[in-house]
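Biologist: Could you walk me through this model, one term at a time? I would like to know what stands behind each word.

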Amino acid sequence: MALGSQPLDILGDRQSGQDVRTQNITACQSVANIVKTSLGPVGLDKMLVDDIGDVTITNDGATILKMLDVEHPAAKVLVELAELQDREVGDGTTSVVIVAAELLKRANDLVKNKIHPTSVISGYRLAMREACKYVEEKLAIKVDKLGKDSLVNCAKTSMSSKLLSGDSDFFANMVVDAVQAVKMTNARGEIKYPIKGINILKAHGKSAKESYLLKGYALNTGRAAQGMPLKVSPARIACLDFNLQKTKMQLGVQVLVSDPRELEKIRQREADMTKERIEKILKAGANVVLTTKGIDDMALKYFVEAGAIAVRRVRKEDLRHVAKATGATAVSTFADMEGEETFDSSFLGYADEVVEERIADDDVILIKGTKTSSAVSVILRGANDFMLDEMDRALHDALCIVKRTLESNSVVAGGGAVEAALSVYLEYLATTLGSREQLAIAEFAESLLIIPKVLAVNAAKDATDLVAKLRAYHHTAQTKADKKHLSNMGLDLVNGKVRNNLEAGVIEPAMSKVKILQFATEAAITILRIDDMIKLAKDESQDGQD
Amino acid sequence: MQSPVLVLKDSLTRESGSKVHHANIQASKAVADIIRTTLGPRSMLKMLLDAQGGIVVTNDGNAILRELDIAHPAAKSMIELSRTQDEEVGDGTTSVIVLAGEMLHVAEAFIDKKYHPTVICRAYNKALEDALAVLDQISMSIDVNDRSMMLGLVKSCIGTKFTSQFGDLIADLALDATTTVGVDLGQGIREVDIKKYIKVEKIPGGQLEDSKVLKGVMFNKDVVVPGKMKRKIVNPRIILLDCPLEYKKGENQTNAELVREEDWAVLLKMEEEYIENLCVQILKFKPDLVITEKGLSDLACHYFSKAGVSAIRRLRKTDNNRIAKACGAVIVNRPDELQESDIGTGAGLFEVKKIGDEFFSFIVDCKDPKACTVLLRGASKDLLNEVERNLQDAMSVARNILKHPKLVPGGGATELTWPYEAAAVAFEAIPRTLAQNCGVNVIRTMTALQGKATKDVMHATGENAWTGIDGNSGEIADMKELKIWDAYNVKAQTFKTAIEAACMLLRIDDIVSGIKKRQAPGSNQPSKPTIETEGDADNEQMIPE
């Protein structure tokens, strides 16, 4: 029997060719549709409820998609795309998904018109490269020219779509201050802004406006004992990574003694060893002791007597940050090379003040005026936990954006300005090419317009009208040398007009835009290359596991 | 032409658009409606029966909502609000829900008129800012040392509660307790830690009037050997320990191998000696009372009773902390490190009393107690629970005033003073509900009240800013005369929480529910190759068909 005569029987579905492409693209489209309404300053939030009933309220594209249980394989690519954008840039997660979906939709139309996907792909690649080049060369504006205001504006643009939009002035300043406070120069002389050094603490109660920035670090734990002082200053901080409990042999070592009096000595020794350790710490001059492990009640008394604050069960991550901020060394053992136990005062970190304060119903240890001051804390207040979580996400996005702006040092106008400019530019570029890619580039150009369109639609404005006006401005900007300034024209969504967004303070880091283009194109290409999908039926034996 | 593409799991339900807005608003309003009748002095209680058959009788907004099992996500978010309010200021839990519900209800009309939710939110935020400004304007400072003023204030807060007939009593209790534990931090800042230093002990039996604030601490324990130890000591010297007074093995695993018989006796003797040693060290300081958080062996009891020292064991850490605060003792961990300064001498009297069927120890008449116990008596446990909740509220109010001595008029007077249209309508919910609950003609009262308030705004005289509804009679009255006040930061917090929460709920346009708890992302992918190989294996079986 010839093999060819028998159809290959696969347990499951197999789709190929145009079918699978259309299906993939429809899936991506529907994912984009979910997040579409959350784009822009007048976008709205989504409420996600899981099967236990826990609620998440968010506007962040990546969070929405991560929470949704997306099943379709092609749609999953988009979800990962949003996560990638979140990791790399931190903001623009919604935009990247929308652009990718639009690129796919247009590509599908081309393929239906018998243009081979590979031609479309190469056209997209070319367009993407040109677009990035154009953004960097022509549209980007150096931050140095614009000063601190531009940073605040960047943060504000990022927050405008979020819950915080009403208080964006307030929060934007806070974010910029926070990022600038953690500025540091590494060994190679590069200036870095480690966002992780910014500790975001959430405490419900009061209103969002009463959130504040704290120079120093906040630990979400109270003092170990009531008798300890509420405040020490100046503080000398010891960071420990071991137990201050009765000494105990590791691994169940048994001690055999034949003289019963020895037994008593062992007990005595256990307690004394901890005491000696604590004395060593105190002798070195420490008056604040942080440990990731426990402290015995018995040991607490020594701290109380010495007037020191001891905090137990500090999170390891927190301890690392504190150590970094105060110049302390996190000590994991006292043992030195000679087999003795010592604690040198050089391990101590310094801060102006360590206080315990009450925020809402919780006690919080605040470490203020740290020596190296590369840590700040943002204390968020708000009506309830859901709101705080969303504020946290919004603030994180804004922090990332400010960081990117500072690092990449260039910004572009927001509100659809870049997309419109690129669209005009690429269309012009397409006409200069004589190959098959021409069509693909033209479609790419058209796809970018989805951003201003969605922005306008979300604001319930006339999208067609606004986008046409916008394109007209950008066309003049690119053709007439004396009208260059028009390249910053973007949408004003509150009033439904076209305005100069650079002057209006709606700006984004150029790097974010470039990444959006790159990631969206790459994702679109990945999905476009698929022409066969085999979905295998679930094996019965697997059911038990799921 | 093609089958529908499934992107999401079919277990997911998704709602979006204006449907969501309406659903959210309805749900929030439903929550507000549940507790609406518990607002004001003529409010009614709710009786809740939980799954275990326990009964809660209360009119505390937070207590009611906490017990409810609510499915709608928006309603859940509302319930969180009252928790926030409770934790932050301790009072106004009902108002915040009623206000947030009303805010959303008013917004519904605007959404129907096709206003964009973000526009409404912006307006609300602005209204909030102005509301706080107005609040600042009409608030008046008070002297925290003026007791009658403070009493009036706390009383107007309890006015809404079950215990209103005992308003004076509860207000007295709350005020006494909070002033006792108040610590001056200097610069006019006062810290009052209710959670740590005020303990409310409920003992069923007796009358509510028998309740009192002790100048010291009380706890549900008796001396270890009732017959031999003294149950009443005047001016006791108190030692507080948090170590066991019995022989305890070391942390390390130790085995003793005994070869000779005498060794056994030595071992036992050592244990005895150890305890004796401890006791001798303690007795050196001539205490009258030894209290430990841990165990106390019979042998130690013997030594103590011989020396005429009373001992109490297995006390809770929190109680121990309070005793330390009350009598000025320091909790000691190792008896060999005892110092004279660790001994508490501040207490005037130690006494064990039998109330009902149980023994209670009192350490009272302390010189300068920084911690206290509030002893509540009452007919039944449910009643006491409710009284305790009211007392907690009252204490929170007293604390707020101590920390932030500013007042605003109560009885719905504050709510009527802003000029914003939508927000103002929502704010009216509070006086309206007050009027409703006391059964007067709502419309007539409201219009009269509004008339006065508008006149006030127009003439900017400020003299009518204190006009509100007397929740008992339903008449319009001057709140200043009636001494119906609210604490400034309770009001401010209520507005902030309610408006911000309303904005958050308004901004939602999509609800996706039924999401599976996220499994580890890795767990899906590795299983794929195995499915494939098994699929191939199946194929071979299929071919013969």
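Biologist: What makes strand β11 (residues 254–257) of chain A and strand β12 (residues 253–256) of chain B a pair?

Modeller: Two strands pair if DSSP finds at least two bridges between them. Here they are joined over four bridges, in the parallel sense, so they meet the definition of a pair. As one example, L256(A) stands opposite N255(B) in β12(B). Strands themselves are DSSP runs (E, at least two residues; helices are H or I, at least four), numbered from the N terminus.

Biologist: Before we go on, what should I know about the model and its numbering?

Modeller: This is a predicted model, where local features need pLDDT of at least 70 and side-chain atom pairs count only at pLDDT 80 or more, while totals for chains, interfaces and linings use all residues. Residues are numbered from 1 along each chain as its sequence is written, chains are lettered from A and ligands numbered from 1 in the order in which they are written, and side-chain values use heavy atoms, with hydrogens and water left out.

Biologist: How many residues of each chain take part in the contact?

Modeller: Contact means heavy atoms within 4.5 Å. By that rule, 98 residues come from chain A and 88 residues from chain B. The area buried between the two chains is about 8,400 Å², with carbon and sulfur atoms giving 52%. Buried area is the accessible area (1.4 Å probe) that two parts lose on being put together, summed over both. In chain A, M47(A), D69(A) and R267(A) lose the most area to chain B, together 9% of what that side buries.

Biologist: Why is the link between K46(A) and D509(B) called a salt bridge?

Modeller: The term asks for a side-chain nitrogen of Lys or Arg within 4 Å of a carboxyl oxygen of Asp or Glu. The closest N and O atoms of K46(A) and D509(B) are 2.8 Å apart, so the pair qualifies as a salt bridge. Between chain A and chain B the count is five salt bridges. Helix α8 (residues 260–283) of chain A gives the most to the side of chain A that touches chain B, with 11 residues.

Biologist: Why is strand β7 (residues 198–204) of chain A described as largely enclosed?

Modeller: Buried means under 20% relative accessible area (exposed is over 50%, partly exposed in between; 1.4 Å probe, protein chains only). Six of the seven residues of β7(A) are buried, so the strand is largely enclosed by the rest of the structure. Seven bridges also join β7(A) to strand β17 (residues 376–382) of chain A, and the two run parallel.
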